[in-house]
Amino acid sequence: MKIEISRKRIKDIKADGEIVFVLKNKLDHKWVTDKNDLAFLQFKAEADQALLFAHSRKVYVGLESFRPDDLRSACAQALKFFRSANCSSLKIGMYVEENAQASAQAMAEGFHLGDYEFLKYKSKPKKTNQPNKIIFALEEYADKKVDEKKASAGVRQGGIIASAVNYTREIINHTPDDVTPEKFAGLAKKLAKDIRIGISVYDEKYLLKHNMNAFYAVSRGSIHEPRLIHLAYKPKNARTRVVLVGKGITYDSGGLSLKPSDSMITMKSDKSGAAAVLGILQAAAGLKLPVEIHGIVGATENMIGHNAYKPDDVLRAKNGKTIEVRNTDAEGRLVLADCLAFAQDFQPDYLLDLATLTGACMVALGEYTIGVMGYNSELKNKILAASAESGELAAELPFNKYLAKLIKSQVADIKNVTGSKYGGAITAGLFLGEFIDRKNRDKWVHLDIAGPSYQEKEWDCNPYGASGAGVRLVVKFLQSIK
Ligand code: BES
Ligand code: ZN
Ligand code: ZN
């Protein structure tokens, strides 16, 4: 989809359809030309309420405010109304609360994110979203003057970020057979080539040689070899080094602690953290962020098989700690344990991991919110600020010393599950914390994206399936780094 900016008045722009946002019941506005019909239909302009009029070719969408977050959702929502219409171009005015660039960016993101569809496995792929061009008029709702440069910078940034999110979604939506660990590494290599950044890919032998036994153990049940992937974006002007670590379980069957059938469905999405890391690097390179960014991905399947790792196994991780395996379905923390140890060799200023780590995080926060954990409140607050600005929901799940005791093991240093029904997202975070060196404790934040990463329904700007959770939030965080 193309987004263009036009200096013409809206009414003079040629397009097949038009989108009009109606602020809280304010039907008295020059763009609302179907006021009587809207009143007749008792249109209250509530958020998410929308109506399409075929005769005027306009869709009216209710809006709570002109905050970027509301604009983003409303643009995605509006697009849905033109799905089956014979309409290839749309026009829309500008809605600016404070900052024209932020508004234009949010609108562009909303359109690009709302336009995404995954059709690869349809025998007759047919795009349902028809419009392929959207024209932003510089004319503003309250007649504010809109700086063209700012608007086009917003459209450009929104385009880069949304295409990184869509790229992430695309990887996640592919089947486990189409994205095995080896094929994931192939995707990472292609990305590295396309955006001209460094990449190293390591195999099973490397894991064994470097004592990454926890990661290796998880991979043993699969016929597909694991891959440890390291991408490096190193702009010349960088003063800060960020290391991102992504959980890349290309399929999580649960292993010998096999998942029940219903819980196994959607587990192709257990690679969401890893896919987000690739998406974030793509966006960072596109935006030319002045930050050095390393992306570390632990890619493997978690399967059953004659050589699968077992409950009762004791594994020695890269940092020397021993882990009693009590449940092979708590595999993500084992892969991340070694990947986090590996990541710290690069001496990060900030260390972030993204993982579909626990169902418990969804129980705690609901399925739309990212769980934020770590030892440093200031850093967690920066993440929460990035959440608010990016429009991705996130909330802190606080560590405490009582929960920390639950991962102590009688036979090894720690165990991979607690045996308690409660606090599972936090105890998983605390488990990861065991693999963060003391000197790096305040640099690390864990993002549990199990909830929002994949939904079997549309929500906000997200289609059925993968959402690309974490990309927008982390890119915002990276943009805030000086
Ligand atoms: N990949 C799952 C977590 C998950 C669940 C992600 C639902 C997305 C949606 C993870 O590996 C897992 O299986 N976690 C277990 C942990 C348990 C065994 C302590 C869980 O959440 O049930
Ligand atoms: Zn699992
Ligand atoms: Zn998993």
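Ala, Val, Leu, Ile, Met, Phe, Trp, Tyr, Cys and Pro count as nonpolar, Asp, Glu, Lys and Arg as charged, and the others, Gly among them, as polar. Keep that handy for the tour.

You're looking at a predicted model, where local features need pLDDT of at least 70, side-chain atom pairs count only at pLDDT 80 or more, and totals for linings use all residues. Residues are numbered from 1 along each chain as its sequence is written, and side-chain values use heavy atoms, with hydrogens and water left out.

**Stop 1: ligand 1.** Select ligand 1 and show what surrounds it (a heavy atom within 4 Å). You'll get 16 residues, with K259, D270, D329, E331 and G359 among the closest. By class, this shell holds seven charged, five nonpolar and four polar residues.

**Stop 2: polar contacts** (pairs of N or O atoms within 3.5 Å). Click G359: a polar backbone atom there is 2.7 Å from an oxygen atom of ligand 1. For K247, the side-chain N or O atom is 3.2 Å from an oxygen atom of ligand 1.

**Stop 3: α11 (359–365).** Which elements give two or more residues to the shell around ligand 1? They are β9 (241–252) and α11, where helices (H or I, at least four residues) and strands (E, at least two) are DSSP runs, numbered from the N terminus.

Definitions and conventions
Chains lettered and ligands numbered in written order. Polar contact = N/O pair within 3.5 Å; in protein donor to acceptor, adjacent residues only side chain to side chain.
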